[in-house]
Structures are given as C-alpha cells and as structure tokens.
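Dear colleague,

Please find the structure below, handed over for your use. My notes on its confidence, helix packing and salt bridges follow.

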Amino acid sequence: MDELFDLVSTTSPSTFCQAFFLLAALGVLSLNVLPEDVRGTLMDYGARRRATTGTGTGTEKQSRERTRLMRLLGKVTSYGQIPHSWFWHFYLLSTGLSAFWAWQYLVRGSVMALLAEKQARGSSAEQPSTELGRVFLAWTMMASQGSRRLFECFFVSKPGRTPMWIVHWALALAFYAAMSVAVWVEGSGDILESWHSQKRAVLLTTRVPSTLAVFFAAWLQQNKCHRYLAQLKKYTLPDEGLFKYIVCPHYTCECVIYLAISVMAAPPGSFFNTSVLCGLVFVAVNLGATALGTKQWYAGKFGDNKVANKWRMIPGIF
C-alpha cells in the first residue's frame with residue numbers, strides 16, 4: 001500500500017492524463033473484439049441501438065445461453081439510460097473548465113499551483129516546459145472548440161430523443177476534464193516562472209500560423225458538417241460535400257482539431273504534446289468505433305452500394 005501511495009504521489013499530472021486516455025482507448029478497443037451483438041448492446045446508442053435478442057447460431061443449448069446473456073446485458077444497459085441530447089453537458093464542462101483554468105492562472109490559484117508544482121517536480125531536465133505563448137494558444141483553441149460545440153448543441157443540432165447509456169456520458173465527461181488539464185500541464189514550468197518573474201508570452205513563432213490555419217480549417221469544416229446534418233430529414237443518408245467521400249467527416253475534423261492542439265502545445269524540441277496526443281488516440285479510437293457502426297448501419301438501411309466506396313473516417317487509412 002505504501003508503495004502504491006509513493007507511486008501516486010510521485011507521478012506527474014501529465015502521466016495521469018496520458019494513462020487515462022490510453023486505458024480508455026484500450027477499453028474501447030477491447031469492446032470492439034466482442035461479438036457484434038454484444039458489442040452493439042454495450043456501445044451503440046441513438047438510431048443504431050438494436051434490440052437485445054440472442055442469435056440463432058450454434059446448438060440449441062448455446063442459443064438459449066446466448067439469448068439469456070443478451071437479455072442480461074440488455075437489462076444491465078437499460079439502467080441509466082439518459083437522453084442523447086445531453087451531449088451539451090460535455091461542452092459546457094469543457095468551456096467551463098477552460099474558463100476555470102484561465103481564472104486560476106490570472107489569480108495564481110491554488111489548484112493550478114498544486115498541479116503545476118507537482119508537474120514541475122515530476123519532470124526531468126530533458127523534458128522542457130511548453131512555452132507560455134503556446135500554452136495560451138492551445139488553451140484558446142480548446143476553449144473555442146468547446147464553445148462552438150456548445151453553441152451548436154443549442155442552435156444548430158436537432159435535439160435528440162434517443163437514449164444513451166450513462167457510462168458513455170460519464171466517460172465523455174472524464175475525457176473533457178482530463179483534456180482541460182492536458183492542454184496546459186506540460187507548460188507548468190513556464191506558468192510558474194511567469195508568476196514569479198513576469199515572463200512575457202511570445203505568441204508568434206514559426207509554427208503558430210500554419211498550426212492555427214489547420215485548426216481553423218478543420219474547425220470551420222466541422223461546423224459546416226454539423227449544419228448540413230442538422231438540415232437533413234431524419235435518417236437520411238448524408239451525401240454532399242465531404243460526405244461524398246467519408247461516412248463521418250465531422251469525426252475526421254475532430255481528430256485534426258486535436259492534432260493541431262497537440263502540435264501547438266508541444267514543448268521545445270518536440271513536434272507533439274504527448275498528453276494531448278494520447279487524448280487524440282482516445283478520440284480516434286472512440287470515434288472510429290462509432291464510424292464503423294455508422295457505415296454498417298447506413299449499409300443496412302440504404303444498401304451497401306451507397307457507402308461501399310466511402311472511407312469511414314480517415315481517407316486512405318480507415
């Protein structure tokens with residue numbers, strides 16, 4: 001027990017963020033190796049959620065056991081079903097935490113100081129701090145993403161009446177809470193230094209213009225995708241713009257957005273911010289699983305020929 005306490009007390013906040021993102025991604029990957037009906041019962045939500053009945057394959061005894069298993073899973077997942085429209089909770093939390101950490105920086109708050117000092121102690125000399133200006137920009141990028149998605153939930157997207165399992169909801173809240181820390185925590189050294197030496201933030205470096213251009217291109221394109229989906233008749237196959245080539249281009253944009261934030265928040269000598277990059281791994285795995293199910297659902301509803309030539313999420317790869 002003492003060894004566990006020592007390990008926790010000496011582990012940096014960035015390592016906790018990275019471990020959470022990677023373990024969550026591993027959990028999603030593990031669910032995807034389960035049989036299709038079991039996986040669908042645990043992971044699908046909204047229109048893609050299917051009735052929990054057993055399959056008719058195998059012997060009669062196996063079929064009865066499978067039916068009992070599916071009914072049990074269906075009963076378990078029926079508890080804690082919440083409205084799909086509660087997605088706005090994620091972006092309210094994200095935006096609220098962005099504002100909270102900005103306030104903590106301005107007032108030299110004790111919560112940020114605690115995490116920043118712990119991060120600085122846990123970082124080696126070979127791990128330089130992200131420059132203060134890049135921390136501010138990554139912070140602003142995350143805040144603008146959360147704010148835009150919150151706006152879309154209320155003024156663009158159609159309120160959904162379909163349910164989702166509370167486990168999905170809780171995991172997403174945990175992701176946004178961890179990401180709100182990940183965008184600045186590797187810049188803890190410069191944050192602490194600025195409090196004591198009035199260090200000025202340098203916002204314009206060689207990497208900044210191109211990274212912001214990529215970020216806002218994906219940011220605007222994702223908004224365009226959401227507006228297009230909102231004006232479609234319910235359960236209509238999207239087939240305009242990027243939807244001609246990709247089943248879920250709004251997911252593609254999400255990945256590009258976090259990739260740009262990771263590049264912006266990278267410490268000197270690194271191309272990526274490791275904490276945000278681990279968050280991107282979770283985003284890609286989680287949305288990739290959803291994109292896989294979405295293409296299968298489209299194929300079943302509209303015909304395989306309608307989506308056969310479309311990439312699920314990442315052109316040329318997936």
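The term pLDDT denotes the predictor's confidence in each residue, from 0 to 100. Helices (H or I, at least four residues) and strands (E, at least two) are DSSP runs, numbered from the N terminus. Within the chain, helix α1 (residues 2-10) has the lowest confidence, with a mean of 56, while helix α11 (residues 249-264) has the highest, at 98. The chain average is a pLDDT of 86, and 81% of the residues score at least 70. Where pLDDT is low, the predicted coordinates should not be read in detail.

As to conventions, residues are numbered from 1 along each chain as its sequence is written. This is a predicted model, in which local features need pLDDT of at least 70, side-chain atom pairs count only at pLDDT 80 or more, and totals for chains, interfaces and linings use all residues, while side-chain values use heavy atoms, with hydrogens and water left out.

Helix packing

Axes are lines fitted to C-alpha atoms, for helices over the stretch in contact, and angles run from 0 to 180 degrees between N-to-C directions. Angles under 35 degrees count as roughly parallel, over 145 as roughly antiparallel, 65 to 115 as roughly perpendicular and the rest as oblique.

The axes of helix α5 (residues 88-107) and helix α8 (residues 166-185) cross at roughly 25 degrees and come within 9 Å, which makes α5 roughly parallel to α8. Among the contact residues are Phe 90, Leu 97 and Trp 101 of α5 and Trp 169, Tyr 176 and Trp 184 of α8. This contact of α5 with α8 comprises 12 nonpolar, three polar and no charged residues; Ala, Val, Leu, Ile, Met, Phe, Trp, Tyr, Cys and Pro count as nonpolar, Asp, Glu, Lys and Arg as charged, and the others, Gly among them, as polar.

Helix α8 also meets α7: their axes come within 8 Å and cross at roughly 155 degrees, and the two are therefore roughly antiparallel. Val 135, Ala 138 and Met 142 of α7 touch Tyr 176, Met 179, Val 183 and Trp 184 of α8. By class, seven residues of this contact are nonpolar, with no polar and no charged ones.

For helix α2 (residues 13-31) and helix α12 (residues 274-302), the axes come within 8 Å and cross at roughly 15 degrees; α2 and α12 are therefore roughly parallel.

Salt bridges

The count comes to four salt bridges (a side-chain nitrogen of Lys or Arg within 4 Å of a carboxyl oxygen of Asp or Glu). One joins the side chains of Glu 152 and Arg 148, at 2.7 Å, N to O. These residues are four apart in helix α7 (residues 132-155), so about one helical turn separates Glu 152 from Arg 148.

Yours sincerely

How values were computed
Contact = heavy atoms within 4.5 Å.
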